[in-house]
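Open the model in your viewer and keep the selection panel handy.

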Amino acid sequence: MKLELKKFHLKEKIDLQKKDWVLISIIIFVAGLAFLLHHFIGGKGAGCVTVKVEGEIQGVYSLAEDQVIEINDGTNILEIRNGTADVTGADCPDKLCVNQKAISKNGESIICLPNKVVVTVDSSENSEFDAVAQ
Amino acid sequence: MKNEVAYFGVFTALALIFSYVETLIPISFGIPGVKLGLANLIVVIALYKIALKEAYLLSVVRVLLAGFLFGNYFSIIYSLAGALLSLTVMAVLKKAGGFSIIGVSIAGGVFHNIGQLFVAMLVVETFRVAYYVPVLLTAGLLTGCVIGILSREMLRRLAHWRAEG
(Lines give C-alpha, C1' and ligand atoms only; values in the text may rest on other atoms or scores of the structure.)
Protein backbone atom coordinates (compact mmCIF):
# COMPACT_ATOMS: atom_id res chain seq x y z
CA MET A 1 0.00 0.00 0.00
CA LYS A 2 1.32 3.38 -0.91
CA LEU A 3 1.80 5.50 2.10
CA GLU A 4 0.75 8.99 1.37
CA LEU A 5 0.59 11.93 3.63
CA LYS A 6 -2.47 13.71 2.50
CA LYS A 7 -2.70 17.41 2.83
CA PHE A 8 -3.32 18.24 6.41
CA HIS A 9 -6.78 19.54 7.04
CA LEU A 10 -7.57 18.98 10.65
CA LYS A 11 -10.28 21.20 11.91
CA GLU A 12 -8.15 21.88 14.98
CA LYS A 13 -5.57 24.61 15.08
CA ILE A 14 -2.05 23.47 14.27
CA ASP A 15 0.37 26.23 14.99
CA LEU A 16 0.71 28.01 18.26
CA GLN A 17 -2.16 30.42 18.70
CA LYS A 18 -2.32 33.70 20.56
CA LYS A 19 -4.13 31.95 23.43
CA ASP A 20 -1.32 29.40 23.64
CA TRP A 21 1.21 32.15 24.19
CA VAL A 22 -1.04 33.65 26.85
CA LEU A 23 -1.23 30.25 28.54
CA ILE A 24 2.54 29.78 28.36
CA SER A 25 3.11 33.28 29.72
CA ILE A 26 0.75 32.67 32.63
CA ILE A 27 2.48 29.40 33.51
CA ILE A 28 5.93 30.99 33.41
CA PHE A 29 4.65 33.97 35.39
CA VAL A 30 3.09 31.78 38.10
CA ALA A 31 6.21 29.61 38.23
CA GLY A 32 8.40 32.68 38.60
CA LEU A 33 6.08 34.16 41.21
CA ALA A 34 6.04 30.93 43.21
CA PHE A 35 9.82 30.77 43.02
CA LEU A 36 10.24 34.35 44.21
CA LEU A 37 7.66 33.90 46.98
CA HIS A 38 9.43 30.83 48.20
CA HIS A 39 12.81 32.47 47.88
CA PHE A 40 11.97 35.58 49.86
CA ILE A 41 9.15 34.58 52.18
CA GLY A 42 9.34 30.83 52.56
CA GLY A 43 13.06 30.89 53.35
CA LYS A 44 12.47 30.31 57.02
CA GLY A 45 10.69 27.06 56.24
CA ALA A 46 13.73 25.67 54.55
CA GLY A 47 14.42 23.23 57.33
CA CYS A 48 16.27 23.55 60.60
CA VAL A 49 18.76 21.74 62.75
CA THR A 50 18.23 20.87 66.37
CA VAL A 51 21.26 20.80 68.61
CA LYS A 52 21.07 18.58 71.68
CA VAL A 53 23.64 18.23 74.40
CA GLU A 54 23.16 15.33 76.80
CA GLY A 55 19.65 14.92 75.42
CA GLU A 56 18.60 18.48 76.15
CA ILE A 57 17.77 20.84 73.32
CA GLN A 58 20.29 23.65 73.23
CA GLY A 59 18.93 25.42 70.20
CA VAL A 60 17.15 25.21 66.88
CA TYR A 61 18.79 26.92 63.93
CA SER A 62 17.48 27.59 60.45
CA LEU A 63 19.34 26.04 57.56
CA ALA A 64 18.34 28.99 55.42
CA GLU A 65 20.77 31.48 56.91
CA ASP A 66 24.50 30.96 56.99
CA GLN A 67 25.84 31.04 60.50
CA VAL A 68 28.48 29.65 62.82
CA ILE A 69 27.29 28.28 66.14
CA GLU A 70 29.41 27.40 69.12
CA ILE A 71 27.93 24.42 70.88
CA ASN A 72 28.57 23.75 74.56
CA ASP A 73 30.69 26.87 75.05
CA GLY A 74 32.83 26.06 72.08
CA THR A 75 33.56 22.36 72.41
CA ASN A 76 32.03 21.90 68.97
CA ILE A 77 31.65 24.38 66.13
CA LEU A 78 28.59 23.98 63.92
CA GLU A 79 28.68 25.76 60.62
CA ILE A 80 25.56 26.28 58.50
CA ARG A 81 26.26 27.17 54.93
CA ASN A 82 24.20 26.84 51.72
CA GLY A 83 21.44 24.95 53.52
CA THR A 84 23.71 22.29 54.99
CA ALA A 85 24.98 21.92 58.52
CA ASP A 86 28.48 20.68 59.25
CA VAL A 87 30.52 20.32 62.39
CA THR A 88 33.80 22.01 61.53
CA GLY A 89 35.58 21.95 64.83
CA ALA A 90 35.66 19.91 68.02
CA ASP A 91 37.93 19.53 71.00
CA CYS A 92 37.44 15.81 71.25
CA PRO A 93 40.40 13.57 70.35
CA ASP A 94 38.88 11.42 67.61
CA LYS A 95 37.21 14.21 65.52
CA LEU A 96 34.63 11.75 64.23
CA CYS A 97 31.94 14.43 64.16
CA VAL A 98 34.17 16.76 62.15
CA ASN A 99 34.83 14.03 59.62
CA GLN A 100 31.14 13.29 59.09
CA LYS A 101 29.71 14.81 55.98
CA ALA A 102 27.48 17.86 56.05
CA ILE A 103 23.80 17.18 56.70
CA SER A 104 20.74 18.76 55.13
CA LYS A 105 18.04 16.12 54.75
CA ASN A 106 15.36 15.30 57.27
CA GLY A 107 16.50 12.87 59.93
CA GLU A 108 20.19 13.10 59.15
CA SER A 109 22.39 13.70 62.12
CA ILE A 110 25.92 14.34 63.27
CA ILE A 111 26.85 12.93 66.62
CA CYS A 112 29.80 13.70 68.82
CA LEU A 113 29.95 11.06 71.52
CA PRO A 114 32.69 12.46 73.76
CA ASN A 115 30.85 15.78 74.14
CA LYS A 116 27.38 14.15 74.00
CA VAL A 117 26.36 16.49 71.18
CA VAL A 118 23.67 15.48 68.67
CA VAL A 119 22.84 17.63 65.67
CA THR A 120 19.70 16.56 63.77
CA VAL A 121 17.88 17.98 60.77
CA ASP A 122 14.20 18.42 61.66
CA SER A 123 12.10 19.20 58.67
CA SER A 124 10.18 17.28 56.10
CA GLU A 125 11.12 20.00 53.63
CA ASN A 126 14.27 18.42 52.32
CA SER A 127 13.36 14.79 52.67
CA GLU A 128 13.37 12.88 49.46
CA PHE A 129 10.12 11.25 48.45
CA ASP A 130 10.56 7.58 47.97
CA ALA A 131 7.31 6.78 46.21
CA VAL A 132 7.71 7.08 42.48
CA ALA A 133 4.64 7.83 40.41
CA GLN A 134 4.16 6.15 37.09
CA MET B 1 -19.96 -0.64 17.94
CA LYS B 2 -17.64 -3.61 17.37
CA ASN B 3 -15.05 -1.26 15.94
CA GLU B 4 -15.26 1.09 18.88
CA VAL B 5 -14.44 -1.70 21.29
CA ALA B 6 -11.51 -2.75 19.13
CA TYR B 7 -10.19 0.79 18.84
CA PHE B 8 -10.51 1.28 22.56
CA GLY B 9 -8.46 -1.86 23.06
CA VAL B 10 -5.79 -0.57 20.71
CA PHE B 11 -5.67 2.76 22.50
CA THR B 12 -5.36 1.04 25.87
CA ALA B 13 -2.63 -1.23 24.60
CA LEU B 14 -0.73 1.73 23.14
CA ALA B 15 -1.02 3.75 26.34
CA LEU B 16 0.18 0.76 28.34
CA ILE B 17 3.10 0.16 26.01
CA PHE B 18 4.10 3.80 26.25
CA SER B 19 3.94 3.58 30.04
CA TYR B 20 6.26 0.61 29.82
CA VAL B 21 8.63 2.26 27.35
CA GLU B 22 8.76 5.20 29.70
CA THR B 23 10.09 2.98 32.48
CA LEU B 24 12.81 1.75 30.12
CA ILE B 25 14.08 5.16 29.07
CA PRO B 26 16.83 6.13 31.44
CA ILE B 27 16.22 9.83 30.89
CA SER B 28 16.69 11.64 34.12
CA PHE B 29 15.88 15.28 34.34
CA GLY B 30 17.84 15.48 37.54
CA ILE B 31 14.66 16.10 39.49
CA PRO B 32 12.81 13.29 41.25
CA GLY B 33 9.33 12.73 39.89
CA VAL B 34 9.82 14.61 36.64
CA LYS B 35 9.39 12.55 33.52
CA LEU B 36 8.24 12.88 29.95
CA GLY B 37 4.83 11.26 30.34
CA LEU B 38 4.82 9.41 27.05
CA ALA B 39 1.48 7.77 27.84
CA ASN B 40 -0.06 11.23 27.83
CA LEU B 41 0.67 11.30 24.13
CA ILE B 42 -1.99 8.63 23.66
CA VAL B 43 -4.39 10.45 25.95
CA VAL B 44 -3.98 13.67 23.95
CA ILE B 45 -4.61 11.82 20.72
CA ALA B 46 -7.60 10.05 22.26
CA LEU B 47 -8.95 13.44 23.28
CA TYR B 48 -8.95 14.51 19.65
CA LYS B 49 -9.95 11.22 18.13
CA ILE B 50 -12.43 9.42 20.37
CA ALA B 51 -15.34 10.49 22.57
CA LEU B 52 -14.47 12.31 25.75
CA LYS B 53 -16.16 9.69 27.91
CA GLU B 54 -13.96 7.02 26.39
CA ALA B 55 -10.88 9.19 26.79
CA TYR B 56 -11.61 9.34 30.52
CA LEU B 57 -12.09 5.59 30.67
CA LEU B 58 -8.85 5.11 28.75
CA SER B 59 -7.02 7.37 31.17
CA VAL B 60 -8.29 5.51 34.24
CA VAL B 61 -7.69 2.05 32.76
CA ARG B 62 -4.21 3.08 31.69
CA VAL B 63 -3.27 4.36 35.15
CA LEU B 64 -4.67 1.29 36.91
CA LEU B 65 -2.97 -1.20 34.60
CA ALA B 66 0.36 0.64 34.57
CA GLY B 67 0.12 1.11 38.31
CA PHE B 68 -0.46 -2.56 39.03
CA LEU B 69 2.23 -3.63 36.56
CA PHE B 70 5.04 -1.15 37.16
CA GLY B 71 4.09 0.87 40.18
CA ASN B 72 2.62 0.64 43.60
CA TYR B 73 -0.41 1.69 45.58
CA PHE B 74 0.86 5.25 45.99
CA SER B 75 1.86 5.70 42.41
CA ILE B 76 -1.68 4.78 41.33
CA ILE B 77 -3.23 7.48 43.52
CA TYR B 78 -0.73 10.07 42.36
CA SER B 79 -1.13 9.15 38.71
CA LEU B 80 -4.91 9.00 38.90
CA ALA B 81 -5.17 12.49 40.41
CA GLY B 82 -2.75 13.84 37.84
CA ALA B 83 -4.32 12.07 34.88
CA LEU B 84 -7.91 13.04 35.69
CA LEU B 85 -7.15 16.70 36.42
CA SER B 86 -4.95 16.88 33.34
CA LEU B 87 -7.61 15.37 31.07
CA THR B 88 -10.33 17.60 32.50
CA VAL B 89 -8.32 20.77 31.91
CA MET B 90 -7.38 19.63 28.41
CA ALA B 91 -11.02 18.88 27.56
CA VAL B 92 -12.08 22.31 28.84
CA LEU B 93 -9.40 24.12 26.84
CA LYS B 94 -10.19 22.12 23.72
CA LYS B 95 -13.86 22.94 24.10
CA ALA B 96 -13.12 26.60 24.83
CA GLY B 97 -11.40 26.82 21.48
CA GLY B 98 -8.56 29.03 20.33
CA PHE B 99 -5.87 26.75 21.68
CA SER B 100 -3.66 24.63 19.46
CA ILE B 101 -2.89 20.99 20.23
CA ILE B 102 0.41 22.09 21.72
CA GLY B 103 -1.31 24.56 24.03
CA VAL B 104 -3.81 21.93 25.16
CA SER B 105 -0.99 19.47 25.77
CA ILE B 106 1.02 22.03 27.76
CA ALA B 107 -1.99 22.66 30.01
CA GLY B 108 -2.32 18.89 30.37
CA GLY B 109 1.32 18.48 31.37
CA VAL B 110 1.19 21.31 33.88
CA PHE B 111 -2.06 20.18 35.50
CA HIS B 112 -0.87 16.58 35.61
CA ASN B 113 1.87 17.79 37.91
CA ILE B 114 -0.45 20.05 39.89
CA GLY B 115 -2.85 17.16 40.51
CA GLN B 116 0.00 15.05 41.83
CA LEU B 117 1.17 17.90 44.01
CA PHE B 118 -2.29 18.16 45.58
CA VAL B 119 -2.19 14.48 46.47
CA ALA B 120 1.30 14.92 47.83
CA MET B 121 0.00 17.75 50.04
CA LEU B 122 -2.79 15.51 51.35
CA VAL B 123 -0.46 12.58 51.94
CA VAL B 124 2.32 14.54 53.61
CA GLU B 125 -0.27 16.78 55.28
CA THR B 126 1.74 19.88 54.72
CA PHE B 127 1.74 22.78 52.35
CA ARG B 128 5.50 22.82 52.43
CA VAL B 129 5.70 20.80 49.22
CA ALA B 130 4.53 24.00 47.58
CA TYR B 131 8.19 24.89 47.18
CA TYR B 132 8.13 22.34 44.39
CA VAL B 133 5.58 24.35 42.39
CA PRO B 134 7.98 26.31 40.16
CA VAL B 135 9.87 23.14 39.27
CA LEU B 136 6.68 21.22 38.48
CA LEU B 137 5.18 24.05 36.43
CA THR B 138 8.31 24.42 34.34
CA ALA B 139 8.64 20.68 33.92
CA GLY B 140 4.98 20.40 32.91
CA LEU B 141 5.44 23.19 30.42
CA LEU B 142 8.42 21.55 28.75
CA THR B 143 7.14 17.97 28.72
CA GLY B 144 3.69 19.20 27.64
CA CYS B 145 5.33 21.04 24.77
CA VAL B 146 7.24 17.94 23.63
CA ILE B 147 4.13 15.75 23.91
CA GLY B 148 2.13 18.43 22.12
CA ILE B 149 4.51 18.53 19.17
CA LEU B 150 4.52 14.72 18.96
CA SER B 151 0.71 14.62 19.14
CA ARG B 152 0.44 17.23 16.45
CA GLU B 153 2.64 15.24 14.13
CA MET B 154 0.68 12.06 14.84
CA LEU B 155 -2.68 13.76 14.42
CA ARG B 156 -1.45 15.28 11.19
CA ARG B 157 -0.83 11.80 9.87
CA LEU B 158 -4.11 10.51 11.24
CA ALA B 159 -6.09 13.42 9.85
CA HIS B 160 -8.38 11.19 7.81
CA TRP B 161 -8.84 8.50 10.38
CA ARG B 162 -11.96 8.40 12.47
CA ALA B 163 -12.69 5.98 15.29
CA GLU B 164 -16.37 5.78 14.42
CA GLY B 165 -15.31 3.50 11.52
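## Stop 1: two helices side by side

In chain B, select Ile77(B), Tyr78(B), Ala81(B), Gly82(B), Ala83(B), Leu84(B), Leu85(B), Ser86(B), Val89(B), Met90(B), Leu93(B) and Lys94(B) of α4(B), which meet Gly103(B), Val104(B), Ala107(B), Gly108(B), Phe111(B), His112(B), Asn113(B), Ile114(B), Gly115(B), Gln116(B), Phe118(B) and Val119(B) of α5(B). Contact here means C-beta atoms, placed from the backbone, within 7 Å. The residues of this contact divide into 15 nonpolar, eight polar and one charged (Ala, Val, Leu, Ile, Met, Phe, Trp, Tyr, Cys and Pro count as nonpolar, Asp, Glu, Lys and Arg as charged, and the others, Gly among them, as polar).

A word on what you are viewing: this is a predicted model, in which local features need pLDDT of at least 70, side-chain atom pairs count only at pLDDT 80 or more, and totals for chains, interfaces and linings use all residues. Residues are numbered from 1 along each chain as its sequence is written, while chains are lettered from A and ligands numbered from 1 in the order in which they are written. Helices (H or I, at least four residues) and strands (E, at least two) are DSSP runs, numbered from the N terminus.

## Stop 2: the cores

Next, select Ala39(B), Leu41(B), Ile42(B), Val43(B), Ala46(B) and Ala107(B), the residues with the most contacts inside the largest nonpolar core, which has 41 residues. Such a core is a set of buried Ala, Val, Leu, Ile, Met, Phe, Trp, Tyr and Cys residues joined through C-beta atoms within 7 Å; buried means that 20 or more other C-beta atoms lie within 10 Å of a residue's own. Elements giving two or more residues to this core include α1 (18-40) of chain A and α6 (133-157) of chain B. Its largest share, nine residues, comes from α5(B). Apart from it lies another core, of 16 residues, with Val49(A), Leu63(A), Ile71(A) and Leu78(A) among them.

## Stop 3: the sheet of chain A

Which strands make up the open sheet of four? Colour β2, β1, β7 and β6 of chain A, in that order across the sheet, with antiparallel pairing. Strands pair if DSSP finds at least two bridges between them. β2 (56-62) and β6 are at the edges with a single partner strand each, so one side of each has no neighbour in the sheet.

Click on Val49(A), whose bridge partner in β7(A) is Val121(A). Ile110(A) has Val119(A) as its bridge partner in β7(A). In the four-residue turn of the β6(A)-β7(A) hairpin, Lys116(A) has a positive phi of about 55°.

## Stop 4: a second hairpin

Finally, zoom in on β4 (residues 76-81) and β5 (residues 84-90) of chain A, antiparallel strands joined by six bridges. Leu78(A) stands opposite Val87(A). Two residues separate the strands of this hairpin, and Asn82(A) in the turn has a positive phi of about 50°.

Note on methods
Buried ≥ 20, exposed ≤ 12 C-beta atoms within 10 Å, placed from the backbone.
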